[in-house]
Amino acid sequence: MEGKVLEWDYEIEGKDFRNAGKVSSKVKEILKELGFDPDFVRRVAIASYEAEMNVVCHAEKGALHFAILPAALRIVVKDKGPGIPDIELAMQEGYSTAPLEIREMGFGAGMGLPNIKKNTDELNIVSTVGQGTMVEMVIRSPLSREGSE
Amino acid sequence: MQLWEVKEILEAELLWEPIDLQLEIEMAEAADLMSDVLNRRLGCDLLITGLVNSQVIRTAEMADIKAIAFVRGKMPDQEAITLAKSKGIPLLTTKLLMYEACARLAMKGLTGSSGTI
C-alpha cells in the first residue's frame, strides 16, 4: 500500500440538517476500519464534521474530497454559497454569522473554524463572496508527526 | 463508575435497549453547545446535555463519547434514538436539572474531562 493514494468523494446538501454529519461518519468509519490510531481518527472526524456542518448551515451545496496520502490525510471541502468576507475574523473564537435555527442545534457559536484549526496540522481557506468557499485540511498521521517534531 | 451506577444516581431511564450497563464511565462533561464538546482535547465518556436533536448523537459519535444523558426530562425524537442505536451509543433521560445531575455524579466521584474534580 506504500505510496498509494486512497481517495473518496462525497456530496453535502445545504440546509439538510437531517443528514448533517453523515459524510464525516463515513470518513470516520473508513479510518477506523483501516486501523488508524483512535486519537488521530477523532481529530480527523471532528475537523471533518465541523467543515461539513459549515456547508450544511451556510451553503447551498458542497462536496468533500478525502484522501489518504503516504504520510498524511487531506480533506478538501468546497461549497457553493455566500463565501466568507473576512477569513481572519471568521477564525476568531466566538465570531459567527449563523442564524438562530443553527444555534438551537448547538452550533453557530463561532467555534467551527477554530475547532478545525485546532485539530489539523495545515488549514487553508480560500473564499469568494457570493460564490463559495474551499477549506483544505491536512492532518499528519501520528508517526509522521513524531518525525516532524 | 459503570453505566448502571450513572443510571441509578440520575434516576434515569434508558431510551433504547439492550445496552451494556457495565460500560465504564470515567469522565463526564455537560454542555448544550456542541462545538464546546468538539473543542475538547481530551475525550470524555458521558455527555450530559439539554439538547435533544440528532446533532448531539453525531457529536458524540465524532468525539468518541460513549453515552449521553439528557436532563430536565427531555426526550430526543425517534430519529435521534435510531441513530444512537445504530452507533451503539446508550441514551439516558433524567428529570434532574443539569446542575443537579452534574453535582450528583461529581459527589459520587465521577470526574470531569479536564481533571480538576
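Two strands count as paired if DSSP finds at least two bridges between them. Helices (H or I, at least four residues) and strands (E, at least two) are DSSP runs, numbered from the N terminus. What you have here is a predicted model, where local features need pLDDT of at least 70, side-chain atom pairs count only at pLDDT 80 or more, and totals for chains, interfaces and linings use all residues. Residues are numbered from 1 along each chain as its sequence is written, and chains are lettered from A and ligands numbered from 1 in the order in which they are written.

Chain A, then. Strand β2 (residues 61-68) and strand β3 (residues 72-80) of chain A run antiparallel and are joined by eight bridges. Within that pair, A63(A) has K78(A) in β3(A) as its bridge partner. Helix α2 (residues 38-58) of chain A packs on the sheet and touches β1, β2, β3 and β5 (132-140) of chain A; contact means C-beta atoms, placed from the backbone, within 7 Å. The direction of α2 makes about 5 degrees with that of β3(A), with axes fitted to C-alpha atoms, for helices over the stretch in contact, and angles running from 0 to 180 degrees between N-to-C directions.

The whole sheet is open, with five strands in the order β1-β2-β3-β5-β4 and antiparallel pairing. β1 (6-13) and β4 (122-128) of chain A are at the edges with a single partner strand each, so one side of each has no neighbour in the sheet.

Now chain B. Nine of the nine residues of helix α3 (residues 54-62) of chain B are buried, so the rest of the structure largely encloses it. Buried means 20 or more other C-beta atoms, placed from the backbone, within 10 Å of the residue's own. The cover includes α1 (22-33) and α2 of chain A. Just after α3(B), D64(B) has a positive phi of about 60 degrees.

How values were computed: Contact = placed C-beta atoms within 7 Å. Buried ≥ 20, exposed ≤ 12 C-beta atoms within 10 Å, placed from the backbone.
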